[in-house]
Amino acid sequence: MSILRRFRDSISHLDHLLSWILTHSPDKVELVELVRDGTRFARAFASSIETHPLLVYMSALPFTPTNTILYRTFHDPEWYPTVRGGFQYTWSSLQMVLTGHEGSVRSVAISCDGKRIISGSWDQTIRVWDATTGGEVRVIQQTDSVRSVAFSPDGRQIAAGYYHDGTVQVWDVLLGICVSVMRGHDTTVRSLEFSLDGRRIVSGSNDKSVRLWDTMTGTEVLPAIRGHLNEVTSVVFSPDGQTIVSGSVDQTIRVWDATTGAPVLVIHEHSGKNVMESVAFSSEKSIIVSSSGCDIEVWESMSGALLLTLKGHNLHVISVIFSPDGRRIISSSYDCTIRVWDVTTGSQLSELRGHESGIYSICCSPDGRQIISGSYDNTVRIWDIQSNEVLPAERGHNSSVHSIAFTSNGRHIVSAALMDTTVRIWDANIGSEVAPLKGHKGGVTSLACSPDGRRIASGSYDLTVRIWDANTHSEVSSLQVHGSSMRSVAFSPDGDRIAIGSSSGAVQVWDTNTGSALSTLRGHNDGVLSVAFSPDGHRIATGSFDETVIIWDAIAGTALFQLFDGHSHFVDSVTFSSDGSYIISKAANHIIAYDITEPVMLVLFKNDAGSDDHVHETGVQRRTSATCDNHRKLSILDYSVRDHYNNRLAWKDSQAEAIMHCFSYTLAPELWLLIVASLSRSDLAHLSITSSRLLHIVRPILYRAVSLTTGIHDTDPSHTLALLARNKKLAKCVVELSLDRQIPLDVAPRTIHSLINPDTLANLCSLKHVVIRGRIFLTALEQHDFGRVLAGVPLEELTYFAYQSSEKWPSNELGGIRDLKKIVWKTENGDLIGPLWDILSCSRTTIHTLSLPFAEIDESPCIRLWNMHFPHLRSLTLGVWDIEGEVELAEAPDFIDFVLAHDTIEELDMEYGEYDRYALQFDESALTRLGLDSLPHLRSFRGNARSFMIMAQARMKSLTTTLRRLVVGPGGTDDPTYDVRWMFDAILSPVTNSTGRGPVLGGLSALKELDLDLSQWEERERTEIVESIRRCAECCGPSLEVWRGTLPSAVKMDAEELGELFGLFEMLKVIHLRAKIIPEGKYENDEGEGAAYVRVLASRCRALEEVYLEHVFPDPPIVVWEVSRVQISAPGEGLTYSIRRRVAE
């Protein structure tokens, strides 16, 4: 059934089977217990089995209670994992966890026949669940967060109250449609309930009123019932429907006549100032129960006398109900527990634990056997109220365990708690406590076991590190550390030294034999959370609150290097690989591996959701290894079981294939998520998966960006559209949608497959980026559906490309799009920019990136754009425009005014075309407006050399302080050679101009990346090319790290000559050459294309790391040579290097 994706059906079948056996063969005790175990097993592990149908024996059976017939019959400890230490003897009270909500569950209810459960959540959904199988039956999408829900007595309707609009809405369960809307409350509807006959609904609100509604007509039966002085938190009908009870923040319980709305009784809160969160009527109408802070109070309904006060919860009680027979009270609290009480004696009968956050709502099944709860942890849970769960006796620490360590032989576990002064040793096989180690005066913060297993070290808030004998359990010595508390401890491999990390940021190294301090390592700016010795004992790695890792010389006590990159949270774990060549560090939601011989980051495992729960550390007995090399080949091997299944996840990097293998199907799915989430978009595009299990795990990540294409090749996107239409969870993962249609002029549009599916569009509720290429709409209806969806999603980026001048934008159907952050609008037809103005107007205050690379445009739209202002604009791309009109742009001031009005711009891209194209450039007229403080935040500029010359003549400060990237090409004059010469003259020479500017710039001192296009020069201008590169070195030689250049294809340059030129750039790391500049036949060898050429460049450029050769060879188009440098051991001999070839994407 699980393989057929119908596992939930088996739960109901088992339930029917159990009922049949109990009716016809109740004497078959073992059979009854086996089927009952099977039913509980199916419910408890439904989610895991659905995800991994073939892994039942590995992922579910080991966690089955050990005292069940199912476990004793099917579990073989020789073949399957075993949970040590008395994990669970019998089935717990928790039967099932229902997941699906993405916000806190604020209200739950169960139908009168006990077959359906409903839950309302902050995520603006109402979900209907099958109470037997836990399967999700229906999701009813709302437009407001749901605060309260209730089932009608016949189970056909749902009433819901909302947070913001104050309405009560009635929904048809089967059809999922709204039947009526009841308006009257001004704000949040906190509570509501149907009368027993289903004809009326009572609701209580934060507007201090109680209202009674007619279910059929949706009108109020009575005027608003008022009397409470503060928010009404809970309302309920009496069993006979004659009275209504309400509780309020004003600390009173009020009883009202349900016919007239007149007050019958007021019960003043006896417990002081606690808020009344919940009230309930007993089935006999004689008792009212209410919550009061951490207590529960039971009242006589006629007189209002206090009968009982129930104490036990540690935090505020949120919800109280009676069991259907009225003999028990059930309560839930912010302390994450559900408690069951005896109404007569007031004694606590049971306590249910399992939620990870406060439990906001509870209800009881009609037969009184189950409790349903909804919590802030986004889950709905089903509990067995009659469970005979037997838990291991309470033992061990009196607070949460903070540190654990295995002894070297793996037989014992040592544990410590922050609020416990005792260190405890446990038997790892049977889970029993071996001995307590007592001596600390404060909570124990850290633990370590010596490699030989003979000693245990513990650090404490009492400023001591105590060393214990692991065999006799006696204290061997105590190291008094002054100044700050211990955060971490670690033994050296020989056990003779111990490193201690403190909250002050210092690391102290002590001799364990003599008890004397050897050295103090200082370098961290905050507390040290983790320390580790290398396998040879020569190095120490430390991780700190300051988000860095430092590698120390353990002998000299000096820092070798500090790793800053990668971590954005405090580093709470560091460890060396078995050979000591790299370290792995963990911080919050990511794990980083560093090669400490260089040092460089090798691989990053990261969970974008940011949850710590997805980062797993393995124990000492779990044989797991991870390796990675510079080709991004990552292998994770798990040898912890005998049966090896080869699940393969692979992606390609051009010719090199990177493969990840998991030879054990027990590898945590969360780790696969971390791996796949760290891949780039290009990696994901080449991802191939041969395991259905891995496909299920990574599919949500793969569908973050969906691209649908049809047109020339007539590809059919209907499969993807159908998948997203029927799988709402998968569709919700889609963040980027790309629609691409290239229709030949001789093909009628209706012969092409549709890219628009209304059901698919309705599910795409998380879209943030939409890309439209070509004429994607075949009908006006498609156009309307698409516009409606885009207007209703949190869209941030919109990209539109027109392939043909005949294509038309979908008119005004997208006029509802607003608050965009990025707009890219590329077309060669000026007629297609009309709808752009409405979108720009609606997003004027939010846009930070604007790209309008038009090819042809009239003058009037230009003027309209120049008159607009975008206060947060950071990136502007305008391209090379061919403007048609009487006034040439070079003579009009509007373009320059537009740019200068946006002093927030960091990236300005005006492109450049042929040298005789003048559109959109700065010319001499711009000098009257450009000044020292123009564009003060400019970090990147792309345009023709003449425009940059004008900026340099204006002495703009940003060119020397903030400009990091410069892309310059021809344009602006009839001679491209003069363009570049004059540009360098403006930067380096005191050019005289009429504006009387300040001193010469003298260089581009902050520039890191330069792209210089000299492709339009001629072969005879070789001398000018060489001189231009020299002038470039004068401008930015000390700072430039990346040089990209396009040279004339006819110009050939020796490696020696080019190496001499690039050697002028002191910090140059990357050279990217675009042209066939290598002389034929001169640099050939067996290493590959251009290897000898690159070796010469590497010998001249001392910082060089990569050389890109683009269009130098016909195939492949781009070859990349990586340069690795190694320090020669002999003093004074400097560096040597090696090169390695790879093909770029």
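Predicted model: local features only at pLDDT ≥ 70, side-chain atom pairs only at ≥ 80, totals over all residues.

1. Residues are numbered from 1 along each chain as its sequence is written, and side-chain values use heavy atoms, with hydrogens and water left out.

2. Let me start with helix α1 (residues 7–24) and helix α2 (residues 29–44), whose axes lie 9 Å apart at an angle of about 155 degrees. Helices are DSSP runs of H or I with at least four residues, strands are runs of E with at least two, and both are numbered from the N terminus. Axes are lines fitted to C-alpha atoms, for helices over the stretch in contact, with angles from 0 to 180 degrees between N-to-C directions.

3. The crossing of α1 and α2 is left-handed (the near helix is turned anticlockwise from the far one by less than a right angle; clockwise would be right-handed). Contact means heavy atoms within 4.5 Å; among the residues making it are Phe7, Ile11 and Leu14 of α1 and Leu31, Val32 and Val35 of α2. The contact of α1 with α2 divides into 11 nonpolar, 2 polar and 3 charged residues (Ala, Val, Leu, Ile, Met, Phe, Trp, Tyr, Cys and Pro count as nonpolar, Asp, Glu, Lys and Arg as charged, and the others, Gly among them, as polar).

4. Further along, helix α19 (residues 1022–1036) and helix α20 (residues 1055–1062) have axes that come within 9 Å and cross at roughly 35 degrees. This crossing of α19 and α20 is right-handed. Arg1022, Val1026, Ile1029 and Arg1030 of α19 touch Glu1057, Glu1060 and Leu1061 of α20, giving 3 nonpolar, no polar and 4 charged residues.

5. Helix α20 also packs on helix α21 (residues 1091–1100), with axes that come within 8 Å and cross at roughly 30 degrees. That makes α20 roughly parallel to α21, and their crossing is right-handed. On the α20 side the contact includes Ala1055 and Leu1058, and on the α21 side Tyr1093 and Val1096. By class, the contact of α20 with α21 has 5 nonpolar, 1 polar and 3 charged residues.

6. Of its 49 lining residues, Glu193, Val236, Ile321, Ile362 and Cys363 are the closest to its centre. Elements giving two or more residues to the lining include β2 (105–110), β14 (232–237) and β26 (359–364). The lining has 28 nonpolar, 16 polar and 5 charged residues.

7. On the pocket method: on a 1 Å grid over the protein atoms alone, a pocket is an open set of points where a 1.4 Å probe fits, with protein on both sides within 12 Å along at least five of seven lines, and lining residues have an atom within 4 Å of a point.

8. Finally, two backbone angles: Cys336, a residue other than glycine, has a positive phi near 70 degrees and is found in the loop between β23 (328–333) and β24 (337–342). His473 has a positive phi near 65 degrees, in the loop between β35 (464–469) and β36 (475–480).

Methods:
Parallel < 35°, antiparallel > 145°, perpendicular 65-115°, else oblique.
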